[in-house]
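Me: I would like to learn how to read a few structural features, taking each general idea and then its case in one example. Could we work through them slowly?

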Amino acid sequence: MKCIIIDDEKMARVILKTLCNEIQSLEVLEDFPNAIEAIKYLNKNRVDLIFLDIHMPNFNGLDFIRSLKDPPKIILITSDPNFAIEAFEYDFIVDYLLKPLQFDRFKKAIEKAKIKNLTLASNETNTSANEIENDFYISIDRRLIKIDLPSIYLIEAKGDYIKIKTENKDYIVHSTLKKIEEKLPDSLFLKIHRSFIINLKKIIDIEDNSVLIKKDVIPVSRSKRPELMKRLDLL
């Protein structure tokens, strides 16, 4: 993968290049001390991956992200995870790394980027990409929390928020059902009502126009029932 590095700290750029050199599949094309110079480069050149420091003076990482029209995959570099929360609203953000960088954690981030780039290169759909992933991050109280996808059994819309129910804990997230639906693999989840998404493998019973999951009885809309029946045949 062809990549560039954007970080205002010279030593941070040196460390990142050293880590990249340990990964045979990575090729660092350029490194930049600020986002403005990087934008000029990207206007004439295409890359597969950007290592981006969020907390930069003047034109910071979030300003840079908003300026991109056709963004490649991005791995965020930050000394403060709170700066990463807003950026994770964007689908092209692969991962974030906390300074000081650790090589094992760095390798995991690269593997995530490889999976997404391979998926795009083979013209697979976004759904296929989601099927490869087993987890995703949600932001709660300025913290990023990793959620294991198979552990989710129900997602419910509640106004401007959604409630994610998992085997171990429930989470309230400021988001929409439509937005989270785009991140979920179709093979596992189905929106059966305007207010509910369910994990198909967690269904205990189906009766009339409702399904039982754990102790929750969830309504199934008339328009979604045929799709539900069709999907159950595949399980």
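Predicted model: local features only at pLDDT ≥ 70, side-chain atom pairs only at ≥ 80, totals over all residues.

Me: Let us begin with charged side chains; what is the general idea, and how many salt bridges does a search of the whole structure find?

Reply: Side chains of opposite charge can pair when their charged atoms come close. A search of the whole structure finds 15 salt bridges. Some of them are joined up, for Asp7, Glu9, Asp53 and Lys99 are linked in a network of salt bridges.

Me: Which residue does Lys17 meet in a salt bridge, and where do the two partners lie?

Reply: Lys17 and Asp31 meet through their side chains, with an N to O distance of 3.1 Å. This pair links distant parts of the chain, since Lys17 belongs to helix α1 (residues 10-21) and Asp31 to strand β2 (residues 27-32), 14 residues apart. Lys17 is partly exposed at a relative accessible area of 32%, and Asp31 is likewise partly exposed, at 24%.

Me: Are Asp216 and Lys165 buried or exposed, and what is the distance in their salt bridge?

Reply: The side chains of Asp216 and Lys165 meet in a salt bridge at 3.0 Å, N to O. Asp216 sits in strand β15 (residues 216-219) and Lys165 in strand β9 (residues 161-166), so the contact ties together parts that are 51 residues apart in sequence. Both Asp216 and Lys165 are buried, a term that stands for a relative accessible area under 20%.

Me: Which residue forms a salt bridge with Glu167, and why does that pair tie together parts that are apart in sequence?

Reply: Glu167 forms a salt bridge with Lys202, and their closest N and O atoms are 2.8 Å apart. Because Glu167 lies in the loop between β9 and β10 (170-173), while Lys202 lies in the loop between β12 (196-199) and β13 (203-207), the pair ties together parts that are 35 residues apart in sequence. Glu167 counts as partly exposed, with a relative accessibility of 35%, and Lys202 also counts as partly exposed, with 24%.

Me: How many bridges join the paired strands, for instance β9 and β10?

Reply: β9 and β10 pair in the antiparallel sense over 4 bridges, and Lys165 has Asp170 in β10 as its bridge partner. Strand β8 (residues 152-158) is joined to β12 by 3 bridges, again running antiparallel, and here the bridge partner of Ile155 is Ile197 in β12. β11 and β12 pair over 4 bridges in the antiparallel sense, with His193 partnered by Phe196 in β12, and these two strands form a hairpin with 2 residues between them.

Me: Which way do the residues of β12 point?

Reply: Phe196 and Ile198 point one way from β12, whereas Ile197 and Asn199 point the other way, and all of these are buried.

Me: What is the strand order in the 3-stranded open sheet?

Reply: These 3 strands follow the order β13-β14-β15, with antiparallel pairing. β13 and β15 stand at the edges with a single partner strand each, so one side of each is left without a neighbour in the sheet. Neighbouring strands are turned by 25° against each other on average, direction ignored. β13 pairs with strand β14 (residues 210-213) in the antiparallel sense over 4 bridges, and Glu207 stands opposite Ser210 in β14.

Notes
Residues numbered from 1 in each chain as written. Heavy atoms only, no water. Salt bridge = Lys/Arg side-chain N within 4 Å of Asp/Glu carboxyl O. Buried < 20%, exposed > 50% of the residue type's maximum accessible area, 1.4 Å probe, protein only. Pairing = 2+ DSSP bridges. Axes fitted to C-alpha atoms, helices over the stretch in contact; angles between N-to-C directions.
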